[in-house]
Amino acid sequence: CGADNPAGLHLKSYWDGEMTVAEWIPSDEYAAGPQHFLNGGIIATLLDCHGVCTAIASAYQREARDIGTDPEIWYATTSMSVDYQRPVPINSMVKLSARVTAQDDRITTVACVLSSDAKDRAQASVRSIRVPDDWRHGKKS
(Lines give C-alpha, C1' and ligand atoms only; values in the text may rest on other atoms or scores of the structure.)
Protein backbone atom coordinates (compact mmCIF):
# COMPACT_ATOMS: atom_id res chain seq x y z
CA CYS A 1 0.00 0.00 0.00
CA GLY A 2 1.05 3.61 -0.14
CA ALA A 3 0.75 6.40 -2.65
CA ASP A 4 4.40 6.00 -3.71
CA ASN A 5 3.83 2.43 -4.94
CA PRO A 6 2.38 2.48 -8.48
CA ALA A 7 1.32 -1.18 -8.17
CA GLY A 8 -0.11 -0.68 -4.66
CA LEU A 9 -3.69 -1.09 -3.52
CA HIS A 10 -4.17 2.71 -3.26
CA LEU A 11 -6.43 2.48 -0.25
CA LYS A 12 -7.56 5.92 0.89
CA SER A 13 -8.48 6.25 4.57
CA TYR A 14 -10.55 9.13 5.98
CA TRP A 15 -11.72 10.30 9.40
CA ASP A 16 -15.39 9.75 10.17
CA GLY A 17 -15.83 11.08 13.68
CA GLU A 18 -13.55 9.12 16.03
CA MET A 19 -12.98 6.36 13.45
CA THR A 20 -11.26 6.09 10.11
CA VAL A 21 -12.99 4.53 7.14
CA ALA A 22 -12.02 3.39 3.67
CA GLU A 23 -13.57 1.59 0.72
CA TRP A 24 -11.83 -0.63 -1.82
CA ILE A 25 -13.08 -2.57 -4.83
CA PRO A 26 -11.41 -5.97 -5.35
CA SER A 27 -10.54 -7.32 -8.76
CA ASP A 28 -10.08 -10.89 -9.98
CA GLU A 29 -6.28 -10.70 -9.61
CA TYR A 30 -6.75 -10.69 -5.82
CA ALA A 31 -8.77 -13.94 -5.69
CA ALA A 32 -7.91 -16.82 -3.40
CA GLY A 33 -7.78 -20.44 -4.66
CA PRO A 34 -11.56 -20.24 -5.13
CA GLN A 35 -11.91 -17.47 -7.71
CA HIS A 36 -15.00 -15.93 -6.06
CA PHE A 37 -13.27 -15.04 -2.75
CA LEU A 38 -10.64 -12.47 -1.81
CA ASN A 39 -7.22 -13.88 -0.88
CA GLY A 40 -6.46 -13.91 2.85
CA GLY A 41 -3.12 -12.19 2.33
CA ILE A 42 -4.84 -9.28 0.60
CA ILE A 43 -7.35 -9.09 3.45
CA ALA A 44 -4.45 -8.88 5.94
CA THR A 45 -2.69 -6.27 3.78
CA LEU A 46 -5.82 -4.08 3.66
CA LEU A 47 -6.22 -4.30 7.45
CA ASP A 48 -2.52 -3.56 7.96
CA CYS A 49 -2.51 -0.59 5.58
CA HIS A 50 -5.66 0.92 7.09
CA GLY A 51 -4.36 0.35 10.62
CA VAL A 52 -1.02 2.05 9.95
CA CYS A 53 -2.72 4.93 8.12
CA THR A 54 -4.97 5.38 11.15
CA ALA A 55 -1.91 5.50 13.44
CA ILE A 56 -0.31 8.13 11.20
CA ALA A 57 -3.49 10.22 11.03
CA SER A 58 -3.87 10.01 14.80
CA ALA A 59 -0.29 11.25 15.31
CA TYR A 60 -0.93 14.25 13.05
CA GLN A 61 -4.15 14.92 14.97
CA ARG A 62 -2.34 14.77 18.35
CA GLU A 63 0.20 17.28 17.04
CA ALA A 64 -2.60 19.54 15.69
CA ARG A 65 -1.15 19.35 12.17
CA ASP A 66 -2.63 18.67 8.75
CA ILE A 67 -1.89 15.21 7.38
CA GLY A 68 1.18 15.24 5.13
CA THR A 69 2.72 18.45 6.48
CA ASP A 70 6.48 18.51 7.10
CA PRO A 71 8.11 16.87 8.77
CA GLU A 72 6.12 13.86 7.57
CA ILE A 73 5.02 11.27 10.11
CA TRP A 74 5.50 7.58 9.32
CA TYR A 75 4.70 4.38 11.19
CA ALA A 76 5.69 0.77 10.55
CA THR A 77 3.88 -2.35 11.71
CA THR A 78 5.45 -4.13 14.68
CA SER A 79 2.77 -6.80 15.16
CA MET A 80 -0.64 -7.71 13.87
CA SER A 81 -3.23 -10.36 14.65
CA VAL A 82 -6.00 -11.15 12.18
CA ASP A 83 -9.22 -13.04 12.83
CA TYR A 84 -10.87 -14.25 9.62
CA GLN A 85 -14.60 -14.57 10.30
CA ARG A 86 -16.05 -15.41 6.89
CA PRO A 87 -14.97 -15.31 3.22
CA VAL A 88 -14.93 -11.98 1.38
CA PRO A 89 -16.75 -12.07 -1.98
CA ILE A 90 -14.47 -10.90 -4.81
CA ASN A 91 -17.33 -9.02 -6.50
CA SER A 92 -18.33 -6.78 -3.56
CA MET A 93 -17.08 -3.48 -2.20
CA VAL A 94 -14.80 -3.86 0.83
CA LYS A 95 -15.28 -1.41 3.68
CA LEU A 96 -12.75 -0.83 6.44
CA SER A 97 -13.18 0.93 9.74
CA ALA A 98 -10.64 1.48 12.51
CA ARG A 99 -10.18 3.15 15.85
CA VAL A 100 -7.15 3.79 18.02
CA THR A 101 -7.23 1.60 21.14
CA ALA A 102 -3.87 2.57 22.70
CA GLN A 103 -1.15 5.12 21.99
CA ASP A 104 1.91 6.78 23.41
CA ASP A 105 4.69 8.89 21.87
CA ARG A 106 5.93 6.10 19.55
CA ILE A 107 3.56 3.10 19.64
CA THR A 108 -0.07 3.06 18.47
CA THR A 109 -2.48 0.12 18.51
CA VAL A 110 -5.49 0.17 16.20
CA ALA A 111 -8.53 -2.13 16.00
CA CYS A 112 -9.66 -2.63 12.38
CA VAL A 113 -12.71 -4.29 10.86
CA LEU A 114 -13.11 -5.34 7.22
CA SER A 115 -16.68 -5.80 6.03
CA SER A 116 -18.44 -6.60 2.79
CA ASP A 117 -22.13 -6.97 1.93
CA ALA A 118 -23.02 -5.46 5.35
CA LYS A 119 -21.23 -8.28 7.23
CA ASP A 120 -18.00 -8.19 9.18
CA ARG A 121 -15.55 -10.50 7.40
CA ALA A 122 -12.27 -10.03 9.31
CA GLN A 123 -10.84 -7.99 12.13
CA ALA A 124 -7.33 -7.15 13.23
CA SER A 125 -5.31 -5.51 15.93
CA VAL A 126 -2.46 -3.56 14.31
CA ARG A 127 0.41 -2.31 16.48
CA SER A 128 2.82 0.11 14.84
CA ILE A 129 5.77 2.28 15.78
CA ARG A 130 6.70 5.77 14.69
CA VAL A 131 9.81 5.68 12.50
CA PRO A 132 12.21 8.45 11.43
CA ASP A 133 12.03 9.85 7.91
CA ASP A 134 15.44 8.40 6.99
CA TRP A 135 14.00 4.90 7.69
CA ARG A 136 11.32 5.52 5.07
CA HIS A 137 13.86 6.57 2.46
CA GLY A 138 16.15 3.58 3.04
CA LYS A 139 19.00 5.46 4.65
CA LYS A 140 20.99 3.64 7.31
CA SER A 141 20.23 4.74 10.82
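Is alanine 118 buried or exposed in this structure? Alanine 118 is exposed, with a relative accessible area of 85%; buried here means under 20% relative accessible area, exposed over 50%, and partly exposed in between, using a 1.4 Å probe and protein chains only.

## About the model

Welcome to a predicted model, in which local features need pLDDT of at least 70, side-chain atom pairs count only at pLDDT 80 or more, and totals for chains, interfaces and linings use all residues. Residues are numbered from 1 along each chain as its sequence is written, and side-chain values use heavy atoms, with hydrogens and water left out.

## Overall fold

The protein has 2 helices and 6 strands, and from the N terminus they follow the order β-β-α-β-β-β-β-α. Its radius of gyration is 15 Å, close to the 14 Å that the globule rule gives for 141 residues, so the protein is as compact as a globular protein of that length. Here the radius is taken over C-alpha atoms, and the rule is 2.2 Å times the number of residues to the power 0.38. Helices (H or I, at least four residues) and strands (E, at least two) are DSSP runs, numbered from the N terminus.

Along the principal axes, the C-alpha atoms fill a box of roughly 45 × 30 × 25 Å. Among contacts with a separation of 6 or more, 61% join residues 24 or more positions apart; a contact means heavy atoms within 4.5 Å.

## Surface and charge

Of the 141 residues, 37% count as buried. The accessible surface comes to about 8,100 Å², and carbon and sulfur atoms hold 50% of that area. These areas come from the Shrake-Rupley method with a 1.4 Å probe, and for residues only the protein chains shown count as cover.

The protein carries 14 positive and 18 negative charges, whose mean positions are 3 Å apart. Lys and Arg count as positive and Asp and Glu as negative, while His and the chain ends are not counted. Each charge is placed at NZ of Lys, CZ of Arg, CG of Asp or CD of Glu.

## The nonpolar core

The largest nonpolar core holds 30 residues, and those touching the most other members are Trp24, Leu38, Leu46, Leu47, Val94, Leu96 and Leu114. Two or more residues each come from strand S2 (19-24), helix H1 (40-62), strand S4 (94-103), strand S5 (107-116) and strand S6 (119-131). H1 gives the most to this core, with 10 residues. Such a core is a set of buried Ala, Val, Leu, Ile, Met, Phe, Trp, Tyr and Cys residues joined through side-chain atoms within 4.5 Å.

Leaving aside neighbours within four places in sequence, leucine 114 has contacts that include Ile43, Leu46, Leu47, Val88, Val94 and Leu96.

## Loops worth a look

Methionine 93 sits in the loop between strand S3 (74-84) and S4 and counts as partly exposed at 32% relative accessibility. Beyond its neighbours within four places in sequence, methionine 93 is in contact with Glu23, Trp24, Ile25, Ser115, Ser116 and Asp117. Methionine 93 and aspartate 117 are 24 residues apart in sequence, with their C-alpha atoms 7.4 Å apart.

Alanine 64 counts as exposed, at 73% relative accessibility. Alanine 118, in the loop between S5 and S6, has a positive phi of about 65° although it is not a glycine.
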